[in-house]
Amino acid sequence: MQVVLDNGILQVTISKPEGMVTGVSYQGIDNLLEVRNGESDRGYWDLVWSEEGTAGTTGTSYVIKGAKFRVIVENDEQVEISFTRAWSSSLEGKHVPLNIDKRFVMLRGSSGFYSYAIYEHLKEWPGFNLPQTRIVFKLRKDKFRYLAVADNRQRRMPLPDDRLPRRSRPLAYPEAVLIVHPVEPEFKGEVDDKYQYSCDNKDLYVHGWICSDPPVGWWQITPSNEFRSGGAMKQNLTSHVGPTNLAMFLSAHYVGEDMVLKFQRGDPWKKVFGPVFFYLNTLMDNDDPLQLWEDAKEQMLTEVQSWPYNFPASEDFPKSEQRGCVRGRLQVSDRYVSHDYISTNGAYVGLAPPGDVGSWEAESKGYQFWARTDTDGYFLISDVRTGDYNLYAWVPGFIGDYKNNATITITPGCDIDMGNLVYEPPRDGPTLWEIGIPDRTAAEFYVPDPDPKYINKLYVNHPDRFRQYGLWERYSDLYPNEDLVYTVGISDYRTDWFFAQVTRKKDDDQYEGTTWQIRFNLDNVNQTGTYKLRVALATAYVAELQVRINNPKANPPLFTTGVIGHDNTIARHGIHGLYRLYSIDVKGAVLMEGENTIFLTQPMCSSALQGLMYDYIRLEAPPSNDSAKKL
């Protein structure tokens with residue numbers, strides 16, 4: 001049984017009542033989806049779930065199959081159809097305790113189709129974990145060979161056959177392979193790894209594939225981040241060898257178990273994921289197929305400007321007039337930088353469910369709405385769903401997180417002016433020295449050239465050079481015996497501070513922890529004062545940071561984070577994961593006039609992929625009574 005959506009531009013065939021997309025016909029191609037795959041393995045919603053109390057980020061993978069089909073809307077302007085599956089107690093332990101309603105929408109004159117879903121957990125149902133949910137499309141490998149994720153992240157891709165054992169060599173984890181006997185010689189010696197094409201949510205609005213003959217593009221457009229977990233900086237997968245095209249809604253990638261959605265019995269929950277748009281385009285004059293990417297970006301802007309859509313029929317998706325907005329101005333107060341309030345330019349200001357400072361980073365149950373401030377610090381967060389929120393912010397160039405303690409209640413049509421908000425970032429005294437830029441990433445630090453054996457040609461001479469495979473191994477090449485030493489006033493963090501503090505590989509294929517040194521001079525020391533060391537981490541993976549000053553063997557250390565992090569950013573070619581900020585008191589008696597050394601030890605060493613990335617480090621002198629002093 002099947003149902004066909006047809007608006008004269010394209011045809012979409014969907015199995016009934018399961019709701020699997022089995023065919024997409026467009027521009028004379030009878031099916032853009034991989035016809036070699038079974039009908040349930042071409043276009044589908046899926047999720048990963050586990051029973052309450054399960055640790056980690058894995059579970060049972062489940063392709064969501066409907067049991068009931070309904071036509072919701074059918075008129076001259078649009079069709080909307082629904083595929084639902086209901087949960088009952090007889091399914092306990094066998095199926096995820098959710099009611100799921102998958103929707104597909106096609107509009108008149110639209111070169112594509114939309115999909116969204118409503119997930120619901122009733123309070124009397126058992127608890128469970130939900131690490132991931134997404135939409136997957138698997139396109140024809142004989143047609144779609146060119147991937148585009150961004151203006152400077154696009155390339156012709158290897159075939160899925162090139163990843164087969166006889167054509168590739170496994171690397172440090174299953175997602176990464178070295179292509180050794182490709183179908184086409186141009187890919188020989190390249191690494192393929194889907195994580196090399198990950199993207200921050202804030203930059204992930206359109207991505208997809210191009211077929212050159214005939215010139216056809218397949219694009220996944222996500223017009224809003226409101227339903228994605230983890231806020232604007234959360235990273236997600238995009239498209240990868242298959243050719244596979246993903247719409248990720250919830251995942252633990254680059255965060256770990258903190259991002260897993262966890263329910264207990266008694267937790268009622270409902271969330272709408274989407275709608276997202278699957279856009280198809282072509283060229284009338286058979287010109288440069290790369291123009292399809294330019295057109296897709298224009299379509300993306302049209303979709304973003306149309307958000308929230310006015311066509312979804314579900315009452316769970318509120319229209320613009322049923323939403324509210326919040327506006328205001330955010331400034332920074334740091335007396336050691338300026339007497340006056342400092343205007344924030346490009347600060348991230350967002351509404352997310354009530355929580356602690358910074359809790360939005362790992363929030364996945366509710367919705368988030370983010371905007372950026374203009375050059376004077378003004379912001380407008382529009383089209384916010386009704387409900388209770390806190391207002392959060394972070395400001396590039398300043399450490400820490402802002403949270404406004406007021407609970408903001410959004411009602412239909414409301415326009416709330418928060419007035420002037422002032423963020424006071426952590427600060428005790430004047431800056432003695434600093435390393436890096438406080439922007440929550442390690443992108444400003446030294447990223448080495450990859451081992452020539454492990455190249456992805458896309459990232460040669462590329463701003464995102466950190467996306468090359470195996471860069472963690474380069475630390476041992478550059479520092480085979482002694483660890484990194486950074487001398488304040490002489491060293492340059494852009495060339496002398498390795499982007500990740502990782503383990504060192506020894507001759508016996510074992511690993512050892514590493515201790516980095518920061519050497520600095522103090523002309524005079526306030527022996528009775530308290531200095532402050534600020535350490536902002538961009539990510540951590542099963543790591544520990546121990547801080548010692550002037551005595552590398554001090555036991556216990558002056559400070560330790562304990563074992564932190566499951567971000568897995570190092571392996572997945574990221575440059576940031578979860579942000580962590582530590583403020584460490586340093587008694588003046590520990591310091592000396594003249595040369596001092598801070599020892600940063602990361603002792604965890606059971607694998608090559610453990611370690612830390614720093615965002616920013618600063619040493620502050622004791623508080624000054626002279627607030628006019630500017631550094």
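Trainee: How do the residues of the lining of the largest pocket divide by class?
Mentor: This is a predicted model. The lining divides into 11 nonpolar, six polar and six charged residues. The pocket itself has a volume of about 530 Å³. Its lining has 23 residues, and the closest to its centre are Y205, N225, F369, W370 and A371. Strand 27 (369–372) and strand 28 (378–384) each supply at least two residues of that lining.

Trainee: What makes a space a pocket, and what makes it a cavity?
Mentor: A pocket is an open set of points, whereas in a cavity a 1.4 Å probe fits but cannot get out. The structure holds four cavities of 30 Å³ or more.

Trainee: Which residues lie closest to the centre of the largest cavity?
Mentor: They are M233, K234, E361, H576 and G577, out of 14 lining residues. The largest cavity has a volume of about 130 Å³. Its lining comprises six nonpolar, five polar and three charged residues.

Trainee: How many charged residues are in the lining of the second largest cavity?
Mentor: None: that lining has six nonpolar, four polar and no charged residues. Among the lining residues are F466, W472, H573 and G574.

Trainee: Which residues lie nearest the centre of the second largest pocket?
Mentor: T57, T58, A252, H253 and R572 do, among 20 lining residues. That pocket has a volume of about 390 Å³. By class, its lining has six nonpolar, 10 polar and four charged residues. Strand 10 (residues 128–138) gives the most to this lining, with three residues.

Trainee: Why is T597 called buried?
Mentor: Set the value against the cut-off. Buried means under 20% relative accessible area. T597 has 10% relative accessibility, so T597 counts as buried.

Trainee: Where does T597 lie, and what is in contact with T597?
Mentor: T597 lies in strand 43 (residues 594–602). Leaving aside neighbours within four places in sequence, T597 is in contact with Q517, I518, R519, F520, R548, I549 and N550.

Trainee: How do you know that strand 33 and strand 37 pair?
Mentor: Count the bridges. Pairing needs at least two bridges between the strands. Three bridges join strand 33 to strand 37 (residues 514–522), so the two strands pair. They run parallel. V485 has Q517 in strand 37 as its bridge partner.

Trainee: What makes strand 33 (485–487) an edge strand?
Mentor: Strand 33 pairs on one side only, and so does strand 40 (559–560), the other edge strand. Both belong to an open sheet of five strands in the order 33-37-43-39-40, with mixed pairing.

Trainee: What makes a set of residues a nonpolar core?
Mentor: Its members are buried nonpolar residues joined through side-chain atoms within 4.5 Å. The largest such core has 101 residues. Those with the most contacts inside it are V24, L47, Y119, W218 and L391. Strand 23 (residues 269–282) brings the largest share, eight residues. A second, separate core of 58 residues includes L171, W497, Y614 and I617.

Trainee: Which residues are in contact with L47?
Mentor: Neighbours within four places in sequence are left aside here. The contacts of L47 then include I64, V96, L98, I100, Y119 and L130. T60, S61, Q132 and T133 are also among them.

Terms used: Residues numbered from 1 in each chain as written. Predicted model: local features only at pLDDT ≥ 70, side-chain atom pairs only at ≥ 80, totals over all residues. Heavy atoms only, no water. 1 Å grid on protein atoms, 1.4 Å probe; cavity = no way out; pocket = protein on both sides within 12 Å on 5 of 7 lines; lining within 4 Å. Points joined across faces, edges and corners; volume = space filled by probe spheres on them. Helix = DSSP H or I, 4+ residues; strand = E, 2+ residues; numbered from the N terminus. Nonpolar A, V, L, I, M, F, W, Y, C, P; charged D, E, K, R; others polar. Buried < 20%, exposed > 50% of the residue type's maximum accessible area, 1.4 Å probe, protein only. Contact = heavy atoms within 4.5 Å.
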